[in-house]
Amino acid sequence: MLWLKALHIIALICWFAGIFYLPRLFVYHAMSEDQATRDQLKIMERKLYRFVTPFAILTVVFGALMIYQQPNYYLQAGWLQLKLVFVVGLIAYHLYCGHLVKVFASDQNQRRHVFYRWFNEAPVFALFAIVLLAVLKPF
């Protein structure tokens, strides 16, 4: 169980590194007026998304394996149920980032950098909630 927990945390950290940086690239991309810079950002966005997606999957897999090993404990824990709501939200956020990578790749972005600055902050709140729920187990 401790190996699964460690691998779950490692995958989570790697996933969040990308989840924090990818929207920052969107900010720079939306601000850029230079075509060469935009082309470089397209490459960086695509590569980063492809790099962090397996970590998102591994985070979910290792978490599911922990639940599978002790279903009686985990499935009745209110804190875990709430944590899973945030996880589902993060998965949706991640998938939307993938959509935005395609939007920027096809030069179809219609939003200004200010939107992406706010968008960039959303996973911070999810991370706080997830860590606090997992550590404090309030319910």
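1. V52 and its surroundings. Setting aside neighbours within four places in sequence, V52 touches C14, W15, G18 and H94 in this predicted model. V52 sits in helix α2. Its relative accessible area is 1%, so V52 is buried. The cut-off for buried is under 20%. I19 is 33 residues away from V52 along the chain, yet the two C-alpha atoms are separated by 7.9 Å. V52 also takes part in the contact between α2 and α4, which is taken up in point 3.

2. Overall make-up. The protein has 6 helices and 0 strands. Along the sequence the pattern reads α-α-α-α-α-α. The C-alpha trace spans about 55 × 25 × 20 Å along its principal axes. There are 139 residues, and 37% of them are buried. The accessible surface is about 8,500 Å². Carbon and sulfur atoms account for 70% of that surface. Take the contacts between residues at least 6 apart in sequence: 78% of these join residues at least 24 apart.

3. Helix α2 against helix α4. Helix α2 covers residues 35–69 and helix α4 covers residues 78–105. Their axes come within 10 Å and cross at roughly 160 degrees. Angles over 145 degrees count as roughly antiparallel, and α2 and α4 are therefore roughly antiparallel to each other. The crossing is left-handed. From α2, the contact uses K42, E45, R46, Y49, V52, T53, A56, V60 and I67. From α4, it uses L80, L84, I91, H94, L95, C97, G98, V101, F104 and A105. By class, that contact has 13 nonpolar, 3 polar and 3 charged residues.

4. Helix α4 against helix α6. Helix α6 covers residues 122–136. It packs with α4 at an angle of about 155 degrees, and the axes are 9 Å apart. The two helices are therefore roughly antiparallel to each other. Their crossing is left-handed. The α4 side of the contact consists of W79, L82, K83, F86, V87, L90 and Y93. The α6 side consists of A122, P123, A126, A129, I130, L133 and A134. By class, the contact of α4 with α6 has 13 nonpolar residues, no polar residues and 1 charged residue.

5. Helix α1 against helix α6. Helix α1 covers residues 2–31. The axes of α1 and α6 come within 9 Å and cross at roughly 155 degrees. These helices, too, are therefore roughly antiparallel to each other. F16, I19 and F20 of α1 meet P123, V124 and L127 of α6. The contact of α1 with α6 has 6 nonpolar residues, with no polar and no charged ones. Two of these names come up elsewhere in this note. I19 is the residue whose C-alpha atom is 7.9 Å from that of V52. P123 is also part of the α4 and α6 contact.

6. M31. This residue belongs to helix α1. M31 is partly exposed, with a relative accessible area of 41%. Leaving aside neighbours within four places in sequence, M31 is in contact with H113 and R117. M44 is 13 residues from M31 in sequence, and their C-alpha atoms are 15 Å apart in space.

7. D107. Check the backbone here. D107 is not a glycine, but its phi is positive, at about 55 degrees. D107 lies in the loop between α4 and α5, the latter being residues 113–119. Its relative accessible area is 46%, so D107 counts as partly exposed.

8. K137. This is another residue with a positive phi, near 45 degrees, and it is not a glycine. K137 lies in the segment after α6. It is partly exposed, at 36% relative accessibility.

Technical notes: Residues are numbered from 1 along each chain as its sequence is written. This is a predicted model: local features need pLDDT of at least 70, side-chain atom pairs count only at pLDDT 80 or more; totals for chains, interfaces and linings use all residues. Side-chain values use heavy atoms; hydrogens and water are left out. Axes are lines fitted to C-alpha atoms, for helices over the stretch in contact, and angles run from 0 to 180 degrees between N-to-C directions. Helices (H or I, at least four residues) and strands (E, at least two) are DSSP runs, numbered from the N terminus. Angles under 35 degrees count as roughly parallel, over 145 as roughly antiparallel, 65 to 115 as roughly perpendicular and the rest as oblique. A crossing is left-handed if the near helix is turned anticlockwise from the far one by less than a right angle, and right-handed if clockwise. Contact means heavy atoms within 4.5 Å. Ala, Val, Leu, Ile, Met, Phe, Trp, Tyr, Cys and Pro count as nonpolar, Asp, Glu, Lys and Arg as charged, and the others, Gly among them, as polar. Buried means under 20% relative accessible area, exposed over 50%, partly exposed in between (1.4 Å probe, protein chains only). Accessible areas come from the Shrake-Rupley method with a 1.4 Å probe; for residues, only the protein chains shown count as cover.
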